Amino acid sequence: MLADKLRPFLERYNEISKLLSEPNISTDIEKMTALSKEQSSLEDIYQVSTLYLNTLNSIEENKNLLGDPELGDLAKDEIKELQNLIIELENKIKILLIPKDPNDEKNIFLEIRAGTGGDEAALFVGDLFSAYIRYADARGWKFEVVGQSEGSAGGFKEIIVLIKGKGAYSRLKFEGGTHRVQRVPETESQGRVHTSAVTVAIMPEVEDSEIEINMNDLRIDVMRSSGHGGQSVNTTDSAVRITHIPTGIVVTNQDGKSQHKNKEAAMKVLKARLYEKQEQERLEKEVSERKNQVGTGDRSGRIRTYNFPQNRISDHRINLTLYRLDAIMAAGLFDEIIDPLIAHNQAEALTEAGL
């Protein structure tokens, strides 16, 4: 029975409530923080489960009144309403019982790179970046650009931004992959549609305790910053390039005015990339459905197409097509794509879990 599956969650939630009221816990900040975080993660399943069990009890109470000449009809109507509520609650509970991705509540590094298409790809990196920032603003998330390389005709060859906010990873984790764009470039005099591609990677921000880096495995180079950035950017050795020798991963940062700031930002990105690599290797061993996000940056392995002449955006993983590309890009309305992706993923997870 579903009710039996819920009792361990309710018992653990109540156990944590008792522990948090004990004097020895209230003086142990680390323990109290860990318990509070665990209880918070159980809050949704606790509330829905409590309502579900109370509703089952109400149904049984009303069944006992069916033979009452005065209350029988009322009880019958009440049972019908409660049974509809039970169906709704069971659907919610099944989703809550899906094992949670431990990264779901984390901040993320959003990395967008130009792939096939030259200047047009770099321009679309800039457009896609702006649309994601509008989406972040709408959800009340904060963001900070931690690395960028500008395109020769505008846009970016690459841009990395740290997005901070509740559920940032859970909402954006399906954005990783190759995004294809079809549109007429401003420099195209004959109106021909140009196809280019950019790649998106979504990497959770990593705590120091989650990834260990041996400093002997790093080569750190400092150099003068190049490109735009103000008076001081080209006059001091503030740019930092960190190479992780065992994996060959290279991170460069020059956006801060000081070498210290740039090194700190580069280390955060390096940790995120190493963590993502580690996670992908683990998932591949478990025959995970998630593939390498970035790939080669060409037109193969695309997850989404943005067709501007037709005002069409298509997500190829779930065969979703919307003819409102202009509105989605202008206002960052990515929920219209993200919500169906999440629903599809939940349906697959429910099938695998046999719920």
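1. Pairing of S1 with S3. Strands S1 and S3 run antiparallel and are joined by six bridges; strands here are DSSP runs of E with at least two residues, helices are runs of H or I with at least four residues, and both are numbered from the N terminus. Two strands are said to pair if DSSP finds at least two bridges between them. Within this pairing, Ile 112 has Ile 159 of S3 as its bridge partner.

2. Basis of the values. This is a predicted model, in which local features need pLDDT of at least 70 and side-chain atom pairs count only at pLDDT 80 or more, whereas totals for chains, interfaces and linings use all residues. Residues are numbered from 1 along each chain as its sequence is written, and side-chain values use heavy atoms, with hydrogens and water left out.

3. Overall layout. The chain contains nine helices and eleven strands, and its C-alpha trace spans about 90 × 60 × 40 Å along the principal axes. Of the 355 residues, 41% are buried, where buried means under 20% relative accessible area, exposed over 50% and partly exposed in between (1.4 Å probe, protein chains only). Among contacts (heavy atoms within 4.5 Å) with a separation of 6 or more, 61% join residues 24 or more positions apart.

4. Domains. The assignment, which is automatic or taken from a database, gives domain 1 (2-97), domain 2 (108-208 + 293-353) and domain 3 (215-283). A distance of 48 Å separates the C-alpha centres of domain 1 and domain 3.

5. The eight-stranded sheet. The strand order is S2-S3-S1-S5-S4-S9-S10-S11, in an open sheet with mixed pairing. Strand S2 (142-150) and S11 are the edge strands, each pairing on one side only. From one strand to the next the twist averages 15 degrees; axes are lines fitted to C-alpha atoms, for helices over the stretch in contact, and angles run from 0 to 180 degrees between N-to-C directions. S1 also pairs with S5, antiparallel and over seven bridges, and there Phe 109 stands opposite Met 203. Strand S4 (residues 177-183) and strand S9 (residues 302-307), by contrast, run parallel and are joined by five bridges, with Val 181 opposite Tyr 306. H9 lies across S9, strand S10 (312-315) and S11, at about 165 degrees to S11.

6. The three-stranded sheet. A further open sheet has the order S6-S7-S8 and antiparallel pairing. Its edges are strand S6 (218-223) and strand S8 (249-253); each has a single partner strand, so one side of each is left without a neighbour in the sheet. Neighbouring strands are turned by 15 degrees against each other on average, direction ignored. S6 and strand S7 (residues 239-244) share six antiparallel bridges, and Ile 220 has Ile 242 in S7 as its bridge partner.

7. The largest nonpolar core. Such a core is a set of buried Ala, Val, Leu, Ile, Met, Phe, Trp, Tyr and Cys residues joined through side-chain atoms within 4.5 Å. The largest has 39 residues, and those touching the most other members include Leu 110, Ile 112, Leu 172 and Phe 334. Among the elements that each supply at least two residues are strand S1 (108-114), helix H5 (118-138) and strand S3 (156-164); H5 gives the largest share, ten residues. Beyond its neighbours within four places in sequence, Leu 172 contacts Ile 108, Tyr 132, Tyr 135, Trp 141, Ile 163, Ile 202 and Ile 338.

8. Glu 111. Which strand holds Glu 111? Glu 111 is found in S1, a strand in which five of seven residues are buried. Glu 111 has a relative accessible area of 4% and is therefore buried. Its side chain makes a polar contact of 2.3 Å with the side chain of Arg 273; a polar contact is a pair of N or O atoms within 3.5 Å, and within protein one must be able to donate a hydrogen and the other to accept it, while residues adjacent in sequence count only if both atoms are side-chain atoms. Residues up to four places away in sequence aside, Glu 111 touches several others, including Glu 158, Thr 199 and Met 203.

9. Val 269. This residue lies in helix H7 (residues 259-285) and counts as buried at 2% relative accessibility. Apart from residues up to four places away in sequence, Val 269 touches Phe 109, Val 146, Ile 160 and Val 251. The C-alpha atoms of Val 269 and Glu 336 are separated by 29 Å, the two residues being 67 residues apart along the chain.
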